[in-house]
Amino acid sequence: MSDILTSYTFMIVALGTVILAIASGIIGTVSVIKGQSLIGDAVGHATFPGVVLAFMLAGTRDALTLALGALLLGIIAFFIIQIITEHSTITLDSALALVLSSFFGLGMALMSFVQGNPDFEGTQGLSDYIFGQAAYMLRSDVYLILVASGLSLLVFTLFYQQLKIYIFDPVYSRSIGISNMMMNFMILAITITLIAVGLKAVGAILIVNLLIAPAVIGQLWSDRFIHVLVIAGIAGAVSAFTGTYISTAANDIATGPAIILVLSAIVLLSLLFARKGLLRRSMLKRKVGERS
Amino acid sequence: MMIEVLFVLIVTALAASLLGVFLVLRGMAMVTDAISHTILLGIVIAFFITNDIRSPWLIIGASLVGLATVYIIELVSKTELIRQDAAIGFVFTALFAIAIMLVSKYAGNVHLDMDVVLMGEVIFAPFNRIDILGFSIPNALWQLSIILLINIIFVTLFYKELKVTSFDPKFAYIAGFSVAFIHYALMTLVSVTAVAAFDAVGSILVINFFVAPALTAYLMVKRLGAMIGLTLVFAVLNSVAGYCISFYFDLSVAGTTAFVALITFMIVFLFNSKGFISSRIQKMQQKKAFSRAMILMLMSEQSHQSLTREEIMSHFNLSTRQFNRHIDHLLINEYMEKDEERYMLTRRGEEFTHYTRLKYELPA
């Protein structure tokens, strides 16, 4: 066991995934509370053409370049979703489904262009960005995650008071001069950044879970915002560490899915046993029944 | 043989978009997206049991997992501990993670190409053929045609029920329609269609074939019948355009078709009669007409009957450019006249302000 814990690969991968999970858990909480958790899903898919485009234009597989491409297309997708929902009767749900799949289609079309073209070499690594290949994470990938997560959490802490007011009372926040659009865009920009740097660790689809599940766990245990944030961060960190350990210890288990499954197990347990969970609730109901 | 690829694409688009109309109206687009991801788990499990990628058990297994997904999402959001969108988000990713894990653990031993399952490749469809009544047709075309037929029969038979439960579920429940039956029947067909479509268009893009044509039609028409008709037209249009473009540039057929669908949607969104651009233009014109009317109304008041340029500009806080545009318009149309740097209403202007006051019941 200690062999694995001290091995270089494990330390690199675990450090990257744990930091990413903490940041995603905390930032994801905001989207989950605002009822916008699936925007992360749509943006996650939309980053795929960005990655391919960045590869086509820059010709490298450098993590930062690809992340920038992902970031750019993610923001474009977000704005298209905004325009569609604001200027037509189409619901957020439908707009997300449309934009998500169309952007992914664009990614596939570009990908098929790259693969059929002898001018581009070394495309194998690209499909990893859909599922993630944490085992092949490099030191530079971890640095990127560290910097992006650190910046995200810094911005989050700096604007904590404004964000809190914006989340729970948007009308009041506007009346005291906080720009709701700014806040909304800031959260989205941070989310997209985390998705962009996390692609290699867990992939575009599974990162959605990393953004949503910790917040769900937090909400099941507490009603106080700060507690929810702390619990979400801890849940993310614990799952990332355990998942990485399992995937390193057992052969042939991908890191991304392992993390998600640990996280899902915690959600399931919380759903049943948490302070606001189902068992506790049914016990409370019974007590109320006895009293009356 | 290449034309068969187009046929498979069109039949897929028709089968999916027909159900997509109701998915859009019921706000279930993302639930369908969740299904299209989780059916992968069903495919993987059924494949491990049967070891045959063509086995009908794959369709049955995948459809069951699709239905289970809907059921679990409903179960979780019914506890009211977790919002529905969060429930969708973590349930489907968890099931998807299990599928990826199984594949990555056993992929070495079996012939299950993840890329084809997720991305699909309609180009390969003609290679799997089946003999029906002496004709050799692609297996995918045969399967999808049957599913298209089933979907058409379902929508025709339950048209009234689908309509009522989609637009007013509470009324439908009170009126005695079996809301739950229609819901699960629809979701079953969605799952079956998604599974059948996965090797043609891939499990991620399937959602595009479900919702994109329906959303485009939704922008243009108000009646359900017209929406269904137009949806099918867009489904064919996107498929043909996507096929031609991908063929010409040698791109992924399904991917190109999905992106073409977004372009079709955006064109309709921007340029249709109630669309983004025309409503912008309308708003601008209303704003202009309102400013002009306000200038005239001001000048119809006793104390402001003749005004200078500066007085008007400062009163409405207009820039020189705005002022010139408005005044030119009013002078040319003879609502006002200019006399030695002072502006006054003409007879026509007086009439306009008089009738405006009557129309909006303003005091004279």
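**View 1. The largest nonpolar core of this predicted model**. Among the 197 residues of the largest nonpolar core, those that touch the most other members are Leu96(A), Val99(A), Val216(A) and Val211(B). Helix H1 of chain B, spanning residues 2–25, gives the most to this core, with 15 residues. Leaving aside residues up to four places away in sequence, Leu96(A) touches Leu38(A), Ile39(A), Ala42(A) and Ile81(A), together with Met30(B).

**View 2. The side of chain A that touches chain B**. Here 49 residues of chain A are in contact with 50 residues of chain B. The elements of chain A that give two or more residues to this side are helices H3 (37–58), H5 (92–115), H11 (207–221) and H13 (255–273), and the largest share, 16 residues, comes from H5(A). Sorted by class, this side of chain A has 31 nonpolar, 14 polar and four charged residues.

**View 3. The packing of helices H7 and H10 of chain A**. Helix H7 (residues 139–158) and helix H10 (residues 180–202), both of chain A, pack with their axes 10 Å apart and at an angle of about 165°; because angles over 145 degrees count as roughly antiparallel, H7(A) is roughly antiparallel to H10(A). H7(A) passes H10(A) in a left-handed crossing. The residues of H7(A) that make the contact include Leu144(A), Ile145(A) and Ala148(A), while those of H10(A) include Ile190(A), Leu194(A) and Val197(A). By class, the contact has 10 nonpolar, four polar and two charged residues.

Methods: Residues numbered from 1 in each chain as written. Chains lettered and ligands numbered in written order. Predicted model: local features only at pLDDT ≥ 70, side-chain atom pairs only at ≥ 80, totals over all residues. Axes fitted to C-alpha atoms, helices over the stretch in contact; angles between N-to-C directions. Helix = DSSP H or I, 4+ residues; strand = E, 2+ residues; numbered from the N terminus. Parallel < 35°, antiparallel > 145°, perpendicular 65-115°, else oblique. Left-handed = near helix turned anticlockwise from the far one by under 90°. Contact = placed C-beta atoms within 7 Å. Nonpolar A, V, L, I, M, F, W, Y, C, P; charged D, E, K, R; others polar. Core = buried A, V, L, I, M, F, W, Y, C linked by C-beta atoms within 7 Å. Buried ≥ 20, exposed ≤ 12 C-beta atoms within 10 Å, placed from the backbone.
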